[in-house]
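Please open the structure in your viewer and keep the selection tool at hand. The tour goes stop by stop, saying at each one what to select and what is found there.

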Amino acid sequence: VKRDAESAAVPGSLTQDIRNNNVFLISTFDIQDKLILDGLVRQDQSSLFGRDQRTAYYYRASAAYRVSEDFTLPNVDEFKLRASIGTAGLRPPFEAQYEQFALQGGRPVKVTLGNPDLRPAQSREMELGFNIDFAKNFTLEYSYSDKLTSDQILLAPASVVTGYQNQWVNAGTLKAVTNEIA
């Protein structure tokens, strides 16, 4: 039991037991120091999701080609092209699948309706770019990235008929495009 500034007793407790199980397979190939290929497949399981949504699969693939190994370019020490694509998932907060109540005047009041059907938010990203080392002292890098995140996990107002104020839901899509020069 905690005491607040007015010395009134405020009951509370907190226990969070989260279980995650992740398995992955990764492999990299370097072909004649010119072509580099990389791949990953991953399975994630998390108790933060309801029973039917606990397992998700993700992947990543990337390649780089060292152009300067095949072609001589004036004043260029290294020229590399690269590309990658991959997916990832985002987890909800611990409390998202459980009902939450608040005490008001000593009585429980419905606050958040739990959602055991939440899915991981899914992100897919594709990146293209190049690296150039030139004149023995300078480097130029460029990257283009296109990322889409769908099924975002958001706290939204609940239907009045539920008696709860809000509920965690999969909703919303976010797209980001980035150009970076360094």
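**Starting in strand 6**

Select Ile85 to begin: this residue is found in strand 6, which covers residues 76-90, where strands are DSSP runs of E of at least two residues and helices are runs of H or I of at least four residues, both numbered from the N terminus. The model is a predicted one, in which local features need pLDDT of at least 70 and side-chain atom pairs count only at pLDDT 80 or more, whereas totals for chains, interfaces and linings use all residues. Residues are numbered from 1 along each chain as its sequence is written, and side-chain values use heavy atoms, with hydrogens and water left out.

Ile85 has a relative accessible area of 32% and is therefore partly exposed, a class that sits between buried (under 20% relative accessible area) and exposed (over 50%), taken with a 1.4 Å probe and protein chains only.

Widen the view to the open sheet of seven strands, which has the order 3-4-5-6-9-10-13 and antiparallel pairing; two strands pair if DSSP finds at least two bridges between them. Strand 3 and strand 13 stand at the edges with a single partner strand each, so one side of each is left without a neighbour in the sheet. With direction ignored, neighbouring strands of this sheet are turned by 5° against each other on average, the angles being taken between axes fitted as lines to C-alpha atoms (for helices, over the stretch in contact) and, between N-to-C directions, running from 0 to 180 degrees.

Next, select strand 5, residues 55-66, which pairs with strand 6 in the antiparallel sense over seven bridges; Arg60 stands opposite Gly86 there. Moving along the sheet, strand 9 and strand 10 run antiparallel and are joined by 13 bridges, and here Met126 stands opposite Asp146. Strand 10 is also joined to strand 13, residues 174-181, by eight bridges in an antiparallel arrangement, with Lys175 as the bridge partner of Leu148.

Which residues form one aromatic cluster? Select Phe79, Phe130 and Tyr142 to display that cluster. The aromatic pairs come to a count of five, and the rings of Phe130 and Tyr142 have their centres 5.8 Å apart with their planes at 35°, so this pair is tilted. By the rule used, rings of Phe, Tyr and Trp (its six-membered ring) pair if their centres lie within 6.5 Å, and planes under 30 degrees apart count as stacked, over 60 as edge-to-face and the rest as tilted. Phe130 lies in strand 9 (residues 121-134) and Tyr142 in strand 10 (residues 138-150), so the pair ties together parts that are 12 residues apart in sequence. Phe130 is partly exposed at 24% relative accessibility, and Tyr142 is partly exposed with a relative accessible area of 24%.

Follow strand 9 to its hairpin with strand 10, where three residues lie between the strands and Ala135 takes a positive phi near 50°. Ala135 counts as partly exposed at 35% relative accessibility. Then select Gln32, in the loop between strand 3 (20-31) and strand 4 (35-46): although not a glycine, Gln32 has a positive phi of about 55°, and this residue is exposed at a relative accessible area of 64%.

Finally, turn to the open sheet of four strands, whose order is 7-8-12-11 with mixed pairing. Strand 7 (100-104) and strand 11 (153-157) stand at its edges, each with a single partner strand, so one side of each is left without a neighbour in the sheet. The twist averages 30° from one strand to the next. Strand 7 is joined to strand 8, residues 107-113, by five bridges in the antiparallel sense, and Ala102 stands opposite Val109.

Asn170 and Ala121 are 49 residues apart in sequence, yet 7.3 Å apart in space, C-alpha to C-alpha.
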